[in-house]
Amino acid sequence: MASVLEMPNRYPGIDPWFDLRQFAVNGWQMNSPSSSFNFFAKVSGNDVTLQMHTRGGTAPQIIAPLPDWLLPEMGVSTSSYRTLPAFQRTVGAIALELYADGTIHAAPWSGAISDGSNLNIVCQATYTRKAVL
Amino acid sequence: MTELPLLAQPYPDNRPWVDLSSHIGPTWTMGGAAWHFRGLLDGNTATLHLRTRHGIQPVLAEQLPEEFWPPGELVLQAFAPNKEKPVGAILSANGRLTIYNPLGQPLLDGSLSNFVMQVSYARRAG
């Protein structure tokens, strides 16, 4: 957890929000938690809550592997990812895929993404954390 | 802390929801149980739940109480069931809530109603 920066929080010791923008790749990089392009998360017991607003990316993968303590629980599902609802300027409703290793990708049906014009993906999601780390 | 009216609820002393309907913009006037604007403060996290009537202005709320201000500008996902295209909202760092209109559809001709948003986000550190 030491490599992830805690955002300024009103109550730093209680369910703090963390700045995750360092994990953005492929041109999806955000500016800061206090900007309009941000990526942060809160851990609360068994839950992780994400909030993301990207800049423009050039490949489907948006986020590099997240730390172990943010990984999703996959259970008995044979699926290798969780699908997260999202939406995007000029596109509309899209989906993101959160893989077991903590990487996040634009779903294949989420439109062209290779020219860098694919930006403003907004995702707000809560998911169950991995049970055994 | 700003004095905010509490909603009726089973445990009013334990993380109570507050009524934010007085902060809604003039053309989005609420009234009745189906139309509401509610908020919850829980440590570092704020939660909003909004369902509007008709509106003709982009500003949903000119300024929310400081307790609900985010660390920066947030783009928030919303929906309006009578609109085929997506809608959203922008919550500025000083609590101004406006319509986010990604596809430029005519939202402010009075036809936009039932704008619904449920969101939790980080609070500004203070």
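Buried means under 20% relative accessible area, exposed over 50%, and partly exposed in between (1.4 Å probe, protein chains only). Start by selecting G88(B): at 0% relative accessibility, G88(B) counts as buried. This is a predicted model, where local features need pLDDT of at least 70, side-chain atom pairs count only at pLDDT 80 or more, and totals for chains, interfaces and linings use all residues. Residues are numbered from 1 along each chain as its sequence is written, chains are lettered from A and ligands numbered from 1 in the order in which they are written, and side-chain values use heavy atoms, leaving out hydrogens and water.

Stay on G88(B), which sits in strand β6 of chain B (strands are DSSP runs of E, at least two residues, numbered from the N terminus). Now show contacts (heavy atoms within 4.5 Å). Beyond neighbours within four places in sequence, the partners of G88(B) include L76(B), A78(B) and, from the other chain, F87(A).

Next, colour the interface, with 27 residues from chain B and 28 residues from chain A. About 2100 Å² is buried between them, 54% of it from carbon and sulfur atoms; buried area is the accessible area (1.4 Å probe) that two parts lose on being put together, summed over both. On the chain B side, pick N44(B), V75(B) and Q77(B), which lose the most area to chain A, together 28% of what that side buries.

Last stop: R10(A) and E66(B), whose side chains form a salt bridge at 3.0 Å, N to O (a Lys or Arg side-chain nitrogen within 4 Å of an Asp or Glu carboxyl oxygen). The count between the two chains is one salt bridge.

Methods. Helices (H or I, at least four residues) and strands (E, at least two) are DSSP runs, numbered from the N terminus.
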